Amino acid sequence: MKTNDITDIFFDLDHTLWDFDKNSALAFKKIFQINKIELDIEAFLHHYEPINLKYWKLYREEKIVKNTLRFARLNDTFQAVGFSVEDYLIEKLSNDYISHLTSFNHLFENTFEILDYLSLNYNLHIITNGFDEVQNTKLSKAKIITYFKTVTNSENAGVKKPNPKIFKYALQQAKANAQNSIMVGDNFEADILGAQHIGMDVVHFDLCNSATIENGVKKINNLIQLKKYL
C-alpha cells in the first residue's frame with residue numbers, strides 16, 4: 001500500500017545503501033597485504049563483524065568515544081583469533097582501514113534504480129552515525145551524493161541515532177516535518193525506533209529477512225521493494 005503525504009525520504013547509509021560488510025572485507029584484505037599481516041581474512045572477519053557491532057552499539061549509547069571504538073574493535077578481534085599484534089600496529093591498521101575503506105564502494109542491489117525512481121517525486125536525504133571524514137567520501141565515490149538534498153551525520157548533529165535530536169536536526173536541515181517524512185534503515189533500534197519516536201514513518205531494510213515484523217512496521221529485503229510504499 002502506498003504511503004500518502006510523504007515529501008521527504010531519509011536513508012541510513014551503511015548497511016542500507018552502501019554495502020558496508022563487503023567494502024569493509026575488501027579494505028581489510030588490502031591493509032593486511034600492506035602491513036604484511038599473515039592471517040586468514042575469513043577467520044578475522046568471522047570475529048570482527050559481531051565485535052564491531054558491539055562497539056558501535058556502545059558508541060551510539062555514548063559509552064565510548066570514536067578512538068576507543070576504532071582501537072578496541074581491532075584489538076578484541078586479534079585477541080579472539082589468537083593473533084598477537086602490538087598496540088602501535090593496531091593504531092596504524094585502524095588509520096589504514098579508514099584511509100582505504102572508501103576505495104571500495106559496492107552498493108546494495110537496485111540502489112541506483114530506486115534512487116532514480118524516488119528522486120522524481122521526493123526529496124532524498126541521509127542520516128548516518130558514521131564518521132564525518134568518511135561518509136561524504138563514500139557518497140561521492142559511490143556516485144550517489146547528487147541524489148541527496150542534505151547529509152546529516154552524528155558528528156555534525158552532536159548526537160547519534162536513536163537520539164531524537166539527530167532526527168530533529170536532520171528535519172531542520174531538510175526544511176521538512178516529521179509527519180511528511182519517512183526513514184529507511186537497517187538498524188531497528190537506531191533507525192526504526194529512533195525515527196518513530198519523533199513521529200516519522202519508517203521502513204525497515206532487513207536484507208537477510210531475519211527480523212519479525214513489529215508493530216506493523218513496513219519491511220523490505222531489497223531496495224526496489226520501496227516501490228510498494230512510495
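Me: What percentage of the 230 residues of the protein chain count as buried?
Reply: This is a predicted model, and the value is computed from it. A residue counts as buried under 20% relative accessible area. Of the 230 residues in the protein chain, the buried share is 51%.

Me: How much accessible surface does the protein chain have, and what share belongs to carbon and sulfur atoms?
Reply: The accessible surface of the protein chain comes to about 11100 Å². The part that belongs to carbon and sulfur atoms is 49%.

Me: Which radius of gyration does the protein chain have, and why does it agree with a compact globule?
Reply: The C-alpha atoms fill a box of roughly 55 × 35 × 35 Å along the principal axes. A compact globule with 230 residues would have a radius of gyration near 17 Å. The protein chain agrees with that, because its own value is 18 Å.

Me: What share of contacts with a separation of 6 or more joins residues 24 or more positions apart?
Reply: The protein chain has 9 helices and 6 strands. Among its contacts with a separation of 6 or more, residues 24 or more positions apart account for 67%.

Me: Which elements give two or more residues to the lining of the largest cavity?
Reply: The whole structure has 1 cavity of 30 Å³ or more. About 80 Å³ of space lies in the largest cavity. Its lining includes W56, R73, Y97 and F131. The elements that give two or more residues to that lining are α4 (87–101) and α6 (132–141).

Me: How do the residues of that lining divide into nonpolar, polar and charged?
Reply: D14, F20 and K138 are among the residues that line the largest cavity. The lining divides into 7 nonpolar, 2 polar and 3 charged.

Methods:
Residues are numbered from 1 along each chain as its sequence is written. This is a predicted model: local features need pLDDT of at least 70, side-chain atom pairs count only at pLDDT 80 or more; totals for chains, interfaces and linings use all residues. Side-chain values use heavy atoms; hydrogens and water are left out. On a 1 Å grid over the protein atoms alone, a cavity is a set of points where a 1.4 Å probe fits but cannot get out, and a pocket is an open set with protein on both sides within 12 Å along at least five of seven lines; lining residues have an atom within 4 Å of a point. Grid points are joined across faces, edges and corners, and a volume is the space filled by probe spheres set on the points. Helices (H or I, at least four residues) and strands (E, at least two) are DSSP runs, numbered from the N terminus. Ala, Val, Leu, Ile, Met, Phe, Trp, Tyr, Cys and Pro count as nonpolar, Asp, Glu, Lys and Arg as charged, and the others, Gly among them, as polar. The radius of gyration is taken over C-alpha atoms; the globule rule is 2.2 Å times the number of residues to the power 0.38. Buried means under 20% relative accessible area, exposed over 50%, partly exposed in between (1.4 Å probe, protein chains only). Contact means heavy atoms within 4.5 Å. Accessible areas come from the Shrake-Rupley method with a 1.4 Å probe; for residues, only the protein chains shown count as cover.
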